[in-house]
Amino acid sequence: MATSQQLSTSPSKSLASTSRSTKPITLTLPRKSRTKGTGGKKADPLDIDNSAFEAEHYCNVLLTEKHLSELIQRDNDLSTEIRQLDGDLKTLVYENYNKFISATDTIRKMKSNVESMESEMDQLSKSISNISNVTTLVNSALGPKRDKIRQLTGVHDLLKKIQFIFELPTRLKLCLDQKSYAQAVRYYAKTSRLLEHYRSLSVFSSIESECKEIIDKVSKKIRENMTDENATGSEITDCILLLITLKEPPQQLAKEYLELQETFLSKLLITTIDEMSNIPADYPLKSSEDYQLTTSDERVIIELSYLNEKFLKDLNKFVESFNGFFLQSPKECKDTKSPGKSPAKSPKNSDLVRYVSTNFDAEVKELVRKEFLEFVDTITSEYLTVVDRLLEFPENIIDFKPKTHIKFLNKLNFTALSCTSLCGVIKFNERIKEVISTRETSIGKRLFGNAEKELIEKFIEFSEKQKTK
């Protein structure tokens, strides 16, 4: 460590250095990287963390300024820090080695996967090549016969149609006996064009005449069902749809449909008004508001709901059906569904409208539209009259219930929004808004008029008392 010559310095100097209260130099070794002499830091040969550090000069300074015990302590500190750094270095090397081993394993797995993938891709390529070769062979073998197969397929389909045509009279007769009139119409509509095409052949001509004879009976039965006193609005609509499919004169059908629905809806309105007085208090409302009203004060809302469900719904469906059958153009009808109970089983509505439009004179169509609008306007006015009657004020204005009245007007507005067909034909929503606006004005006049009357009576009474005094 220190030589005898270095230690045998003058006693006075040694005592002076011992008595001097200098702090020991603390060595802090870098853990990550050593600081370079550049970068703005002054080069210090005594700074062990500096790149300009000089070990020999540093030792000479320590031997000159430090006592033997301090030198021994410094040596121990350096040894401890060296061991600590050595341990940190080993740990770091171990961790990096583990990462290296893990990376090596991953690379090995990737390599094996890539190799297996390459082999699978080779097999897939071979399989595709084999399939391509087989397809080429099949095409070359069947190519000359493909046209013949196509012709035979067409002949087979035609034979099936012909067989269906030969069986058609029997099918129609069975449908007539079983009262399956809608099925009979579908059968006939499916084959009518084919029968017209081959009418020149005597066989098909006889089949066509036989089928027409049966269809005439079917049409007669449909009309009987349509004109039955107990027929509902939906049943009348379905019957009209079948008659349009059978290509009966649209002008006559429009007139019949309007007359039948006029009779049905007028009777329905009268019946509904009679039934409204006997509605139970716990009658479930089927509207989207989804609540039940049981108090006597809110009975008017129950009656309005009953009126809408029993009458207004049928009126809106009739307007939708009539407009779709006779007044719409084929372009307007491309994406609309067929009115009636089962539109999925009936021919496309656009085809029906196209037939009606083709066979409907413009003047006749306009006349039908006018009669239709007059009836709808009349029956709607009757409905609004009933609604207005439900909105009558009590004799004593004190019994007036604002909350119930507001609920009623709100439900009335919701009803207008749900009747899209009526709104489009006669602006039903605007008429409802007029009713609501008139009713709100009447409420204000009634309330303030009553207040004015009572105020005048009080004032007269007060004046008479003052005159007496």
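Residue I128 is found in helix α4, which covers residues 68-177 of this predicted model. With a relative accessibility of 49%, I128 counts as partly exposed, because the exposed class begins only over 50%. Together with M117, M121 and L124, I128 forms a nonpolar patch on the surface, and the accessible area of these residues together is about 400 Å².

**Overall fold**

- The protein contains 14 helices and zero strands.
- Read from the N terminus, the order of elements is therefore α-α-α-α-α-α-α-α-α-α-α-α-α-α.
- Of the 469 residues in the protein, 30% are buried.

**Helix α9**

- Helix α9 comprises 29 residues, 299-327, and at 1.5 Å a residue it should span 42 Å.
- The C-alpha atoms at the ends of α9 are 39 Å apart, which agrees with that expectation.
- Most of α9 is covered, since 21 of its 29 residues count as buried, that is, under 20% relative accessible area.

- A search of the whole structure returns 14 aromatic pairs.
- In one of these, F311 and Y383, the ring centres are 6.3 Å apart and the planes meet at 25°, so the pair is classed as stacked.
- F322 and F372 form another stacked aromatic pair, with 4.5 Å from centre to centre and 10° between the planes.
- F322 belongs to helix α9 and F372 to helix α11, so this pair ties together parts that lie 50 residues apart in sequence.
- F322 has a relative accessible area of 0% and is buried; F372, at 1% relative accessibility, counts as buried as well.
- F322 and F372 also take part in a cluster linked by ring pairs, which contains Y257, F318, F325, F326 and F375 besides them.

- The structure holds ten salt bridges.
- One of them joins the side chains of D86 and K90, with an N to O distance of 3.5 Å, which falls inside the 4 Å limit for a salt bridge.
- D86 and K90 both lie in helix α4, four residues apart, or about one turn of the helix.
- An α-helix has 3.6 residues a turn, so residues three or four places apart point the same way.
- D86 counts as partly exposed at 36% relative accessibility, whereas K90 is exposed, with a relative accessible area of 56%.

- The side chains of E248 and R223 meet in a salt bridge at 2.3 Å, N to O.
- E248 lies in the loop between α7 (233-245) and α8 (250-276), while R223 lies in helix α6 (residues 202-226), so the bridge ties together parts that are 25 residues apart in sequence.
- E248 is buried, with a relative accessible area of 15%, whereas R223 is partly exposed, with a relative accessible area of 24%.
- R223 forms a further salt bridge with E256, in which the closest N and O atoms are 2.4 Å apart.
- This second pair links distant parts of the chain, from R223 in helix α6 to E256 in helix α8, 33 residues apart.
- E256 counts as buried at 16% relative accessibility.
- Through shared partners, the salt bridges join R223, E248 and E256 into one network.

How values were computed: Residues numbered from 1 in each chain as written. Predicted model: local features only at pLDDT ≥ 70, side-chain atom pairs only at ≥ 80, totals over all residues. Heavy atoms only, no water. Helix = DSSP H or I, 4+ residues; strand = E, 2+ residues; numbered from the N terminus. Expected span 1.5 Å × (residues − 1). Buried < 20%, exposed > 50% of the residue type's maximum accessible area, 1.4 Å probe, protein only. Patch = residues over 30% accessible without salt bridge, like charges linked within 9 Å, V, L, I, M, F, W, Y side chains within 5 Å. Areas by Shrake-Rupley, 256 points an atom, 1.4 Å probe, with all protein chains shown as cover. Phe/Tyr/Trp six-rings, centres within 6.5 Å; stacked < 30°, edge-to-face > 60°.
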